[in-house]
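Biologist: I've got a two-chain model open on my screen and would like to talk it through. Could you take my questions one at a time?

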Amino acid sequence: MSNSADAALADLRERVIAAHQRRRPIRLRGAGTKDFYGEDATEAELLDVRPYCGIVDYEPSELVITARCGTSLSEIEAALAQHDQFLAFEPPTFGADPTIGGVFAAGLSGPRRMYAGAARDFVLGATLLDAQGKTLRFGGQVMKNVAGFDVSRLLCGSLGILGLITDVSLKVLPRPRAEETLRFEMPAREAIDNFNRWGGQSLPLSAAAWCAGVAWVRLSGATAAVRAAQERLGGERVDSATATTWWNALRHSAHPVLKSPSLWRLSVPDTTPPLDLPSEPLIDWGGAVRWYADATGDMTTPTPDAAAIPNIRAVAAAAGGTALCWRGPTPANGRFHPLQPAVTALHRRLKDRFDPHGIFNPGRLIAGL
Amino acid sequence: MRISLRSLSISFAHSSKEKAKLLGRGGYRSRYDEGMRQAEVAAALRQVLPTECVLSRDEELRPYECDGLSVMRQMPLLVALPRTEDEVRQVLLTCRRLEVPVVARGAGTGLSGGATPHESGVLLSLARLNQILEINPKARTARLQPGVRNLKVSEAAAPHGLYYAPDPSSQIACSIGGNVAENSGGVHCLKYGLTFHNVLGIRGLTIDGDLIELGGAALDYPGLDLLALVIGSEGLLVVVTEVLVKLIPRPQLARVVMASFGDVCHAGDAVAAIIAAGIIPAGLEMMDRKATVAVEPFVKAGYDLSAEAILLAEADGTPEEVEEQIAEIEGVLKTAGATAMVISNSEAERLRFWSGRKNAFPAAGRVSPDYYCMDGTIPRKNLGPMLKAIEDMEARHALKCMNVFHAGDGNLHPLILFDANSPGEWERADRFGAEILELCVQLGGTITGEHGVGIEKINSMCVQFSDAERDMFFNVKAAFDALGLLNPGKAIPTLARCAEYGKMHVHGGALPHAELPRF
């Protein structure tokens, strides 16, 4: 480890130990690209993890990259691109440059998630700085590892409530040889049906989305396979610049719907027919994610009708999914869809065990935790 | 670990004190106390289950005394065979109230002793919850009870052109619930993932009888990823009562390249070269000459017996995709120094090439009275050095070792050959195995890639994890099961146990009580 990384880690450790001893909560933060995400956290002292940065290990033939939490995503993606590899879960950047620690702690994934897997699926290992300042390593740098509980994957998406994730190891993949995007004019119901039908066939799908009467399908893989699938599916070929712009807009929330000041994200089974809600959604992940900009149907009003909130949650739950208030005023029962009471109790006990004085990102994942 | 029947004599060499230690307990009760306790717990369970669902006579308990780790035998206090989720809940509530340990068991095929009974505990068999609740071809999912056999899922999905990807070698017999407990793998993990990557959700019960649902048919759910935590938790956190799995389209075609190498290190390097070339084969397996020589007489796969190692690299997908990938694989292997290559030209030929790999374990049983199967994983780049190190260990322990690897994942299954009836051989095999696992950790890998820790590798956990890390595992355990009733003594070694194992290390070859088997 370099001296500066050593010093940065020592500093983080000191700050964590002090916070624990004084029982003063801290807010872990990388580049702050996801400050809007999660519950309205309790006021806490900011701990910027960016000084602890750098790629620790990357061997293309091992398909693994290990980096310190403060490393920027752009640095990681550039290193991978040199060897024609990438993070297949397409982490969103929200138009800036997040840290890999933030990417890991939020566990968010882009359009490729439906077919390639989510952030959690690419986690191989993580190092945790716990409340007492101890360094704990879970998982590792190998593809298969079933020794001990899978704490590294538990940390992915934990929003930092269990401790400071200092180092992460992620599985990377070779970039697909060929990529092609097709466009189809069709209503939402038909698009959802088609996405599911195609998903059941041996086709190299890598993304499927729908917005405003147009379905977009991306094919990725061996050149011959992409060509054959394209012939089979038909549709209109999209030039690569337009395709890149479109998929990046979904991945990084640059699409107008995703920039809306009042936005709900519904995670539902991909077969769910169009939902009974007053506005038209943007559909991603082959039907498994439905974005609703202002669920009241009035796209110009930044504040959704309070009465519509229980309705949107009920609609999502009836479909077997959940509704997240992505942006806009926080509903009374929180931004995230409420958990089962027994599951909340497990969260509470895990939090108590990992962070007995509740110093890490209090309230960020679950109100009061 | 898999050891043939002859080696069972070993288990009788266990003193009950040593066995108690292995199972992570202190003392043991008198026969009288045990009888009283058995009657008490049986009576309580028969309040909530039909009489025939509670087994208590010795001859009824005998079939449950071990799982696939047959050297480790222990009669349970009782066996409960619930038929519904609610009956499972009633069993757990009863055990919780009486503070009786509970060991959940699927098909009992596990190789690390995860389902070895607890002497004063209830063995909770989930075998009767064996219904496929739903195959949804449109959603490409299957909703299963935990006792459904792995292969049965793919059979039920086949009419829809779909299958369930994880294919552990025991897939004819092993159950989905057991797969979830162990996070089972198979030969196609590199491309299709482990159980973790193919399970969308579970329903399960905590020891307190709370029914929880984790994950589901949508792709993400709020909160901590408890689903990830429960998968592979070896029955220590939750008893799974329902599993929702992902089904994927069966590839139109699969072909395999069989390549010969004059040196095991060249074969190891060829594996890294394939990955570096941007190819993710559906399967990438390696066998050394000792393995091919052992299997060829039985399976007649046509292996090149003059080669020091052979690689099997499979491509699957559409015919166009397969053709493209096979050509690439051929090119890379040639550059990497393959001395000969054969490509399967028919499904029959493909299966024949695989037959030797799939029969490596039984073949080991034919050429040697007993064998001990290891399961470490290392970074691929270290395959060559690892094989060289194993050669040195063979000389030092005066035992042969056949090597079959899931090379694409760096997951090793060295098969240490020994004769349990020959004095001292098992002890040497055991030490040999522990050395391989320690080297796996040193080379940046892990002591278990897919078989789990159970009882077998509990000492090796002390090598891989620090006191603080193991302490955190116990913290996780306590959050789910404060009294430690679910599968106690498995998967995570106590501080005291590791301290003792550390002491044994100091003595190196001169172990105290060398006559006792250690796992």
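This is a predicted model: local features need pLDDT of at least 70, side-chain atom pairs count only at pLDDT 80 or more; totals for chains, interfaces and linings use all residues.

Biologist: What is the mean pLDDT of chain A?

Modeller: In chain A, 95% of the residues reach 70 or more. One stretch to watch is residues 297–303 of chain A, where the pLDDT is below 50, though that stretch has 11 contacts in the model beyond near neighbours in sequence. As for chain A as a whole, the mean pLDDT is 94.

Biologist: How far apart are the C-alpha centres of domain 1 and domain 3 of chain A?

Modeller: Chain A is divided into domain 1 (3–174), domain 2 (178–251) and domain 3 (256–327). Domain 1 of chain A gives four residues to its contact with domain 3 of chain A, which gives five residues. On the domain 1 side, that's three nonpolar, no polar and one charged. The C-alpha centres of domain 1 and domain 3 of chain A are separated by 29 Å.

Biologist: Which strands stand at the edges of the five-stranded open sheet in chain A?

Modeller: The order of the sheet in chain A is E3-E4-E8-E6-E7, and the pairing is antiparallel. Neighbouring strands of this sheet are turned by 10 degrees against each other on average, ignoring direction. An edge strand has a single partner, so one of its sides is left without a neighbour in the sheet. In chain A that goes for strand E3 (55–59) and strand E7 (135–139).

Biologist: Is A:Ser72 buried or exposed?

Modeller: You'll find A:Ser72 in the loop between strand E4 (64–68) and helix H2 (73–81) of chain A. Leaving aside neighbours within four places in sequence, A:Ser72 is in contact with A:Asp97 and A:Thr99. The cut-off for being buried is 20 or more other C-beta atoms within 10 Å. A:Ser72 has 21 of them, so this residue counts as buried.

Biologist: Where is A:Arg22, and how far is its C-alpha from that of A:Lys351?

Modeller: A:Arg22 belongs to helix H1 (residues 3–22) of chain A. With 11 C-beta neighbours inside 10 Å, A:Arg22 counts as exposed. A:Arg22 and A:Lys351 are 329 residues apart along the chain, and their C-alpha atoms are separated by 18 Å.

Biologist: What is phi of A:Asn361 near?

Modeller: A:Asn361 sits in the segment after helix H11 (341–354) of chain A. There are 28 other C-beta atoms within 10 Å, so A:Asn361 is buried. Phi is positive here in a residue other than glycine, near 40 degrees.

Biologist: And what is phi of B:Ala398 near?

Modeller: B:Ala398 is in the loop between helix H16 (383–397) and strand E17 (400–406) of chain B. With 11 other C-beta atoms within 10 Å, B:Ala398 is exposed. Phi of B:Ala398 is also a positive value in a residue other than glycine, near 55 degrees.

Biologist: Which residue takes a positive phi in the hairpin of E8(B) and E9(B)?

Modeller: Six of the seven residues of strand E8 (residues 199–205) of chain B are buried, so this strand is largely enclosed by the rest of the structure. E8(B) pairs antiparallel with strand E10 (residues 239–246) of chain B over six bridges, and B:Val199 has B:Val245 as its bridge partner there. E8(B) is also joined to E9(B) by five bridges, again antiparallel, with B:Gly201 opposite B:Gly215. That hairpin has five residues between the strands, and the one with a positive phi, near 85 degrees, is B:Gly209.

Biologist: Which element gives the most to the side of chain B that touches chain A?

Modeller: On the chain B side, 78 residues are in contact with 68 residues of chain A. Those of chain B divide into 37 nonpolar, 25 polar and 16 charged. Elements giving two or more residues include strand E9 (211–215), helix H11 (264–276) and helix H13 (319–335) of chain B. The one that gives the most, with nine residues, is H19(B).

Terms used. Residues are numbered from 1 along each chain as its sequence is written. Chains are lettered from A and ligands numbered from 1 in the order in which they are written. Two residues are in contact if their C-beta atoms, placed from the backbone, lie within 7 Å. Helices (H or I, at least four residues) and strands (E, at least two) are DSSP runs, numbered from the N terminus. Ala, Val, Leu, Ile, Met, Phe, Trp, Tyr, Cys and Pro count as nonpolar, Asp, Glu, Lys and Arg as charged, and the others, Gly among them, as polar. A residue is buried if 20 or more other C-beta atoms lie within 10 Å of its own, exposed if 12 or fewer, and partly exposed in between; C-beta atoms are placed from the backbone. Two strands pair if DSSP finds at least two bridges between them. Axes are lines fitted to C-alpha atoms, for helices over the stretch in contact, and angles run from 0 to 180 degrees between N-to-C directions. pLDDT is the predictor's confidence in each residue, from 0 to 100. Domain bounds come from an automatic or database domain assignment.
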